[in-house]
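Subject: Structure for your review

Dear colleague,

Please find below the structure that I am handing over to you.

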Amino acid sequence: MFIMTEINNMKKTLFILLLFVPLCVSNFDGQTTSQTISVDGLKESTTVRRDARSIPYINAKNDADLYFAQGYVTASDRLWQMDLYRRVARGETAELFGKTVLDEDKRWRKFGFSKIAEESLPYLSPELKAALENYARGVNAYISTLKNDTLPIEFKILQYTPREWRTTDTIVIGKILADALSTTWQLELIRASLVNSPKEKVADLYNWVTPYDVLLFGKDTERLTTETLRRGNSGSEPRAVEYGFPHGEIATFMERAYAEEQIRKSSLERIGFYAEELAASNNWVISGKRTVDGKPILANDPHLRASAPGIWYLSHLSTPTMRVSGVTFPGVPGIVLGHNESIAWGATNVGPDVQDLYHETFNAEGKYKTPNGWEIPVIRKEEIKVRANPLKPETETVSLEIEETRNGVIFLEETGKKFALKWTARDPKNGEFGAFFDLNRAKDWSGFKNALKTYGGATQNFVYADVKGNIGWYAAGRIPLRKTGEGALPYDGATNDGEWTGYVPFEDLPNLYNPAEGFIVTANQRIIGTNYKYFGAMSRGAAPPWRARRIYDLLKAKSKVSMNDVRDVQHDSFNIPISNLSREIVKLEAASPETLVVLRGWDGRMTADSKGAVLANEIRNCLANRITGENKPFPVGAIREYILWRAVEQKSARWLPKEFSDYSAFFKACDADTRKSLADPKRLGMDETKWVWGNLFKSRFPHPLAAATWIGAQFATPNVGIDGSGQTPNVGSGVSMQLIASPGNWDVTRHVIPLGQSGDPKSLHYKDQFDAWRTGAPQIFPFSKTAVEKASKEILVMTPK
C-alpha cells in the first residue's frame, strides 16, 4: 500500500519540487527562466545558472556563500546518493537494506573511519575546514526545505528521512575512494600462496618487463631474479611460512581472502566505486608543439564500476578570486578533476603497496606478542542497526567487538590465527581532499606541486597542462617505507621488521615537466623502470600495459593532434592482446573453418557489431581457465592478464596444459568449447547472427534499488550493446566521465558523464547525457562569464533570509 501511494504521489511531488527547487525545472520554450528564493545561511546574494544539461554554474561574492550554495544545489540533485555514500563508509547500510548487507557494514566498521574522520579535523587547513562547514550548512539548508512528500523517492520507498550533513561525512567519502583504489593486502597472500610453486612460473608472473611497456620515469636496467620479483627489489623479506602459514594452511586463508573480496566488491559496486584489480582510468597531456592549434590538450576518463546515478557531478564555481569547473563527488565541495583559469589537471590510479598484513601471536589471556613483551589489544565496540524487514524502518541492534594491535586492526581471522592490517587511509593525517582545494586555486606548475604535497589519498598519476603551454605529470601520494623489505609478504607482528619508518619523499616521487617527446600517457600501467629506488612498492598494483600502449601508439602516429583526435582515442576499441591471439590462431589455422573465416576478417576492434570480438575473447577466456586449472593456486585473472599473452607469443612449454601436444591443439580445443558455449540457449543460442559483441558487452548502470520488486523499474537506465573492453582505451560502462580540455581555449572544453546530473529518475536530466557519452558527440562545458551567460537556461538567485 505504501509503495502504491508513493507512485500515485509522484505528480504532487514534482509540483512541490517546482516550488522549492526551481533548479530542477526543465525549460521547454528555449527561453531563460529566472526565479529568486530566500535561504537562511547566506551572507550575500548568490546566483546559480543552469545550462541545457542542468549543470549548475554558481557565482558567489565570497567562498563561504560559494560552498554553501554548492552544498545546497548538489543536495537538490543527489541527496540520497550522498546519504548512501556516508552510510557505506560508516557501516550503516544494514539500517536500510537489512541483514543481506550486514557483513559489508561489519567490514567498514573494522576500519573505524567514523572515528578517524573526527581525528582528522585538526589536520585540516582552516580554509578547507571552513569550506567543509559551509558546504554542510548548504546541504542542511536544503534538507530543511523538504517535507515528507517532497523527499527524494528513495527516502520515501525506504521510509526514512535524512539526518543533518556533517563535515566528517565528506571526509568519510574520501575513505571510499581509498578502499576502491588502494586495497593491496590480498596481493601479499597471493605471493605467500605461491611460495612452493615452480620458480620459473613465479618469475613469469612477476616479470614486469614487457615489449609493450610505456615507462615515464627511470629505465629497465636489470633482469630481476625470481625471488626479487616475488618479494620486491630488496629481496630481504623472510619466507611466508615464518608468518604462521604451515603447509596447506595458506589455502584456507586464500578462501577467506576471496570471501572478504566478495564482500568488498558488493559494497563498492552498489555505489559505483569498484575498480577491479585497481585498474582505473586513462589520462594524457599533449604539448602545443603536437596539436593543431598550438595549445596543449589534456584528456582524462576515470574507470570505475558503473552506477545510477554516476559517481561524478559536473559543477562550475566562481567568486571574485577563483573560477573553476569540472567534476566532483556528490558530498564533496570544490572540483576534484577539471580546470581553473590557469591550469587543467586529471588523475589515474598508480596502485602502489600501501597496506601491510601482520600475523599477530595471541596467548590464552588474549594478549598479543610484541618485541617488548605481551600487550593488551584495544577493544572497540560497535553497534549496528539492522532492519528485520527492508520495507519497514524498525531495526534491531547487532553488537560487534573489534580488536586492534599496535600494527593495526585485526582484519583477518581464520583457524585460530589473526592478521592485523595497517593502511595509509587509517592515518588521520592522510587527507584525501585538501590537495584538490588547493588545485582549484593553483596558477602554475609550482602551485600544482605544492598542492600535491598535501595529498594523502590513493596514489594518483596527476597530469597537468597550463595556459602558458607547459605540460607535466606527478605521481603523488603516501607510499610507506618499511624497516625491512617492501611489504610484498605478510610480516611477523611480534617483530619490528614491518615497522613503517616514513613515506617516500615527495621529491623522490616520479614526475615529468615538459618532456622532449611532447606528450605523457598514463593508464594504470607500470610507470617506472626497474632502476627506480622504490620500484617494488611503487609497481605492485600496476595494470597490464595494453591501454597505455594503444593510446601511446595512436598519439605518436600523429604529428598534429586535434580535440576530435583525442575524442577518437578515448573511444578507441582496438584490443592488442586479443588481436594478437586472433592472428596467431589464424597463422596456425588452429580453429574450425567457420571461426577462421571470422577471425581473418576481424580488425581487432571490440565493437558492438563484431563477431570476431566475441569468438576471440571467448577463446582467450577458455585458454586462461584451462591453464589455471593445472596451475593452482595461480589466480585466473593473473593468468589471463599477465601470463597468457607471453605463453602464446613464446609457445611456452611450461604453461601448455599436459593434455595438449602443442598450442595449435590447445587453440582448437578452446575454439570447440567456445562454439559450444555460445550456442547454449542460455547464452547467445544457435543463431550465429546473434554472436556479436554487443550482445555480451552492454551498457549497465544499476541503481541500488533497481532490483527491487514493483518499484525498481523506475530507476532503469539504457541497456544496449556498446563498444570497448577491459584491455582497450574505451572500457565501456566503466568510463565514469570524459574530459578534454585545452588551456586557453576553455570555452571549448568537452566534459560528459554517462547518465545525467539528476538522481531523480523522473527528471529529464537523469540520463540525458547517455547518447553523447556513448558516441563521443561533443558536449561543451562553457567557462567564461560570457559563454556561461549565453548557455544559461535557468537562473536561480539565492538571497539571504
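This is a predicted model: local features need pLDDT of at least 70, side-chain atom pairs count only at pLDDT 80 or more; totals for chains, interfaces and linings use all residues.

I begin with strand 10, which spans residues 355–360. This strand is mostly covered, as six of its six residues are buried.

Strand 10 pairs with strand 16, made up of residues 417–423, in the antiparallel sense, and six bridges join the two. Within this pairing, H359 has F419 of strand 16 as its bridge partner. Strand 10 also pairs with strand 20, residues 491–492; here the sense is parallel and there are two bridges. In that pairing, Y358 stands opposite Y491 of strand 20.

I turn now to the disulfide. A search of the whole structure found one such link. It is formed by C622 and C670, whose sulfur atoms are 2.2 Å apart. The link of C622 and C670 is left-handed, with -75° about the S-S bond. C622 belongs to helix 21 (residues 611–629) and C670 to helix 23 (residues 663–679), so the pair ties together parts that lie 48 residues apart in sequence. Both cysteines, C622 and C670, are buried.

With kind regards

Terms used: Residues are numbered from 1 along each chain as its sequence is written. Side-chain values use heavy atoms; hydrogens and water are left out. Buried means under 20% relative accessible area, exposed over 50%, partly exposed in between (1.4 Å probe, protein chains only). Helices (H or I, at least four residues) and strands (E, at least two) are DSSP runs, numbered from the N terminus. Two strands pair if DSSP finds at least two bridges between them. A disulfide is a pair of cysteine sulfur atoms within 2.5 Å.
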